[in-house]
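Trainee: I would like to go through the terms used for this model. Please tie each one to its cut-off.

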Amino acid sequence: MNASWVVAILSTAYLGLLFAIARFGDARADAGKSIISANVYALSLAVYCTSWTFFGSVGRATSGGLSFLTIYLGPTLMILCVSIIVKMIRISKSQRITSIADFIASRYGKSQLLAGLVTVIAVIGVVPYIALQLKAISASLDIIFQQTAAASDPWWRDSTFAIAAVLAVFTILFGTRHLDATERHEGMVAAIAFDSVVKLAAFMAVGIFVTYGLFGGFPDIFRQAADFPELTRLMALDETRAGTWASLILVSGFAILFLPRQFQIMVVENVDEGHLRRAVWLFPLYLLLINVFVLPLAIGGLLHFDGRGVNPDTFVLTLPLSQGAEGLAAFAFLGGLSAATGMVIVETIALSTMVCNDLAMPWLLRSQWLNLAEKKDLSGILLGIRRGAIALILLLGYVYFRAAGEAYALVGIGLISFTAVAQFAPAMFGGMYWKAGTRVGAISGLVAGFAVWLYTLLLPSFAKSGWISRSFMDQGLWGWPWLKAQALFGLAGLDEITHSLFWSLFANIGLYVGVSLLSRPGAVEASQAERFVDVFRYDQRATENHLWRGKASVEELVALLERFLGPGRAHQQLAAYASSRKVGDWRRLSADAQFVQFAEKQLAGAIGSASARVMVSSVVEEEALGLDEVLDILDEASQVRAYSRELERKSRELEAATAELREANERLRELDRLKDDFISTVTHELRTPLTSIRALSEMLHDDPRLELAERMRFLGIIVAETERLTRLINQILDLAKLESGQAEWMTGKVDIAEVVRESVNSLEKLFHDKQVAVATDLPEEGAAVVLADRDRLMQVMINLLSNAVKFVPAGEGEVRVTVRTEDAEVRVEVADNGPGLAPGDRDVIFEKFRQGGNALTDKPQGTGLGLPISRQIVEYFGGRLWVESQPGQGATFVFTVPLPTRITPERKTT
Amino acid sequence: MTYKILIADDEPNIVISLEFLMKKEGFQVAVANDGEEALAKVDSFKPDLLLLDVMMPKKSGFEVCEALRADPSRAGLRIVMLTAKGRQTEVAKGLAIGADAYITKPFSTKELVAKVRSILESA
């Protein structure tokens with residue numbers, strides 16, 4: 001029959017035209033003259049309107065009345081939220097995002113697992129939608145050829161399979177000539193925009209034909225419909241279905257953002273954020289125009305074919321055909337074809353990118369089957385994978401069409417897909433606005449939501465067409481009524497979409513939020529969260545550079561690019577990058593952080609961010625992010641605050657340790673200096689008497705005729721100086737022993753009064769020579785008995801007494817010794833009427849070799865070590881030694897020795 | 001001519017030795033027991049050479065030497081420093097502030113006399 005030839009030629013011509021437009025668009029893009037204007041962008045968004053819109057809206061209107069509008073209200077409301085879309089675009093550009101799977105994976109720490117999961121959900125979720133397109137084209141062909149659909153035909157005689165095959169070949173030719181997915185498919189976008197114009201024109205042509213040709217305009221149709229109560233109902237808002245309206249608006253609002261093809265067109269293919277301003281009104285206007293004639297066509301069809309069993313989904317074709325307007329019918333067929341092809345092309349390209357980057361690549365990168373190290377150029381393999389993925393997706397669509405396609409109207413099938421992609425909403429919105437969302441949370445939410453969707457929507461769609469048993473729907477899984485697939489936990493009375501949407505999002509959001517709150521993000525995750533949520537705040541270039549530290553070689557990175565992009569494309573990109581860095585030849589680039597970023601982004605364009613991350617880290621020796629860098633960037637993430645506190649604590653500890661070390665070092669230096677001073681002083685003290693001894697000896701030796709008196713005087717001095725030397729050496733050794741703790745102590749009961757008496761007696765000659773009066777005030781015998789070394793105490797007493805004698809004036813000197821028991825100690829005072837001590841000297845005299853200023857006149861008798869030694873001794877017995885004095889009023893040296901505790905029990909209790 | 005020697009030291013026995021030694025060599029001798037007295041005796045006694053101990057009360061030998069060298073009218077005064085501290089740094093310091101010789105204690109009487117003579121005669 002002629003019709004089939006006409007249809008074949010028309011279809012081929014139309015597809016050829018699309019191809020030509022795409023080639024033209026690509027050529028212009030390559031020449032740097034993009035044809036993507038704001039209008040083209042806005043029109044390309046209308047890829048949202050598929051054959052579901054073209055045929056299915058009318059069908060839906062015949063049963064659900066105005067509820068078909070919800071599918072367009074949702075997107076209209078969503079696109080008005082420009083800020084959300086701008087944010088998605090900005091993030092995607094800065095992160096070089098290639099798909100929605102890439103977006104989610106990248107946000108949650110470039111997780112391959114998450115990327116794969118999103119891809120699986122997207123593919124399975126969208127397959128019914130592809131089937132819908134096949135079904136629509138197939139049905140429209142049946143109408144044109146006036147055949148009846150025969151689903152029982154084997155597949156090789158099934159025209160739908162042929163359609164799927166043709167679409168696969170066309171999409172492969174169309175969409176996978178280039179490799180880099182972030183290189184926008186400008187030609188494709190242009191062709192899709194053209195598609196949008198064709199389907200709108202075709203639909204409106206049919207609408208005008210029916211409304212003004214078949215009927216007498218809008219008023220006529222509605223007046224005629226008013227005669228039938230069931231048609232009047234279609235034109236009214238049904239308040240009892242408000243819940244369904246709400247859920248359909250919500251689910252379609254999500255779909256405009258998260259369907260893989262919408263994400264592709266709206267975000268990935270966007271060339272200028274400014275284009276959104278046009279899209280904000282042009283896209284809703286487009287939706288309005290394409291819906292104006294839906295109700296007239298629905299009512300017109302019902303009135304015209306009253307009860308003749310014509311499928312309302314085909315009214316757009318059957319109405320013109322029934323009037324013999326074959327040209328218009330052909331145009332309508334083309335419109336439906338364009339709606340279907342546009343959707344299939346963009347959807348399968350987007351999905352094939354995801355399958356290739358997020359499922360196939362990670363597997364290939366790990367498997368031994370493909371030895372990546374030996375392959376110089378992998379771009380061919382990548383293209384092959386994408387082509388295979390396109391064919392596979394269309395095949396799955398066909399399988400679903402055969403399995404479940406007959407059970408549903410067009411709209412019903414589409415909504416199953418919408419509900420599936422709605423599962424991305426929590427992870428997407430959370431990812432863009434909630435920094436605490438974690439990878440584990442996103443995975444949990446997605447898995448749960450997807451599982452619920454599978455159980456409550458996808459499996460029932462198989463069951464309804466008889467492919468699997470209905471028992472899990474009617475009786476519940478394992479016979480548990482609360483597990484009835486479309487009435488979970490007894491929630492009956494909702495339509496299946498609302499029911500599934502409610503439970504899947506309930507599980508999804510609940511687990512996403514709950515698990516996120518319970519888990520902690522890793523460093524990469526947290527930094528990605530910061531970059532996504534605060535994308536407008538950070539200068540991307542600046543943050544990326546200082547987030548990376550490591551070693552890389554240009555050769556290895558270039559080899560990587562050549563392998564995945566192909567040498568030609570890799571060199572082209574390298575040259576462009578080199579010139580942006582103002583380097584003449586890319587071979588002279590240095591492998592700095594920026595270059596690694598560049599390479600990773602180029603790879604991300606080819607194989608997705610998660611796989612790119614793996615590949616780059618395989619050749620780059622990366623250091624873990626420094627905490628301080630992470631801190632700079634992640635100041636708001638909670639675990640970073642914990643890091644920060646930890647760091648601050650560590651830093652404080654370090655500072656404290658440093659200070660302690662510095663202090664210890666100071667002390668050591670001081671001790672070293674003291675030791676040097678001590679040695680220097682000892683040297684001086686030893687050399688001084690030696691000087692006299694040597695000089696005088698030499699003179700005696702050199703001059704035998706020296707007078708006897710001189711001789712005796714010199715020899716006397718020599719003897720005295722020798723004694724001084726001996727005393728000095730003994731005291732130095734004594735002090736050294738005391739200080740090092742090696743002195744020997746003969747500790748026993750000592751009566752201090754007796755020690756004082758004996759000391760005074762031993763110095764009697766000294767007192768007598770200088771005519772010094774000595775008085776003692778001592779307690780009765782046995783009252784001042786302490787545990788000490790008797791000889792050492794004697795040493796202290798003699799030292800103090802001989803000091804006193806030294807300083808009191810000859811003839812008028814007075815020295816008074818008092819011993820008294822006070823509290824738990826014995827207190828000994830040696831008071832003189834000498835010149836006293838200046839306040840500054842009171843401490844100095846206890847230092848080694850430091851004598852009071854006026855001690856110099858009588859130097860040979862003092863070594864400057866007596867008081868330091870005495871203090872060491874007293875302190876050894878647990879007492880103290882100090883001096884109380886005012887200049888001109890004499891000095892009183894005081895020392896204490898504690899009484900043994902068992903002697904003074906009653907004293908202690910009072 | 002008879003040279004005049006001023007001995008400045010706070011150790012009585014060393015002063016006795018030096019005084020005896022210098023007088024026996026035929027020099028005219030005066031004694032100071034601390035730094036300030038040394039400066040005063042330089043003015044009153046006008047010695048040709050000063051035997052100057054470093055560790056002295058009131059003013060150290062270094063301070064005395066610096067004060068004397070700061071006065072151009074006393075450029076002809078020879079100074080021989082004596083010290084019981086024999087560190088190299090102190091020898092260097094003594095010479096740097098203008099002492100003609102720096103002798104560490106204990107010294108050889110013959111060497112001291114020879115040094116004093118050679119300094120006096122080279123002037």
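Mentor: Start with axes. They are lines fitted to C-alpha atoms, for helices over the stretch in contact, and angles run from 0 to 180 degrees between N-to-C directions. Helices (H or I, at least four residues) and strands (E, at least two) are DSSP runs, numbered from the N terminus. This is a predicted model: local features need pLDDT of at least 70, side-chain atom pairs count only at pLDDT 80 or more, and totals for chains, interfaces and linings use all residues. Residues are numbered from 1 along each chain as its sequence is written, while chains are lettered from A and ligands numbered from 1 in the order in which they are written.

Trainee: Why are helix 5 of chain A and helix 13 of chain A called roughly perpendicular?

Mentor: Helix 5 (residues 82-95) and helix 13 (residues 260-268) of chain A pack at about 80 degrees, with axes 9 Å apart. Angles under 35 degrees count as roughly parallel, over 145 as roughly antiparallel, 65 to 115 as roughly perpendicular and the rest as oblique. Helix 5 and helix 13 of chain A are therefore roughly perpendicular.

Trainee: Which residues of helix 5 and helix 13 of chain A meet?

Mentor: A:Ile85, A:Met88, A:Ile89 and A:Ser92 in helix 5 meet A:Met266, A:Val267 and A:Val268 in helix 13. Contact requires C-beta atoms, placed from the backbone, within 7 Å. By class, this contact has six nonpolar, one polar and no charged residues. Ala, Val, Leu, Ile, Met, Phe, Trp, Tyr, Cys and Pro count as nonpolar, Asp, Glu, Lys and Arg as charged, and the others, Gly among them, as polar.

Trainee: What makes strand 4 and strand 8 of chain A edge strands?

Mentor: Five strands of chain A form an open, mixed sheet in the order 4-6-7-9-8. Strand 4 (773-777) and strand 8 (881-885) of chain A each pair on one side only. Pairing needs at least two DSSP bridges between two strands.

Trainee: How many bridges join strand 6 and strand 7 of chain A?

Mentor: Strand 6 (residues 814-822) and strand 7 (residues 825-832) of chain A pair antiparallel over eight bridges. In one of them, A:Val817 has A:Val830 in strand 7 of chain A as its partner.

Trainee: What share of chain B counts as buried?

Mentor: Of its 123 residues, 42%. Buried means 20 or more other C-beta atoms within 10 Å of the residue's own, again placed from the backbone; exposed means 12 or fewer, and partly exposed lies in between. Chain B has five helices and five strands.

Trainee: Where does chain B touch chain A?

Mentor: The contact takes 18 residues from chain B and 17 from chain A. Helix 1 (residues 12-24) of chain B gives the largest share of its side, six residues.

Terms used
Two residues are in contact if their C-beta atoms, placed from the backbone, lie within 7 Å.
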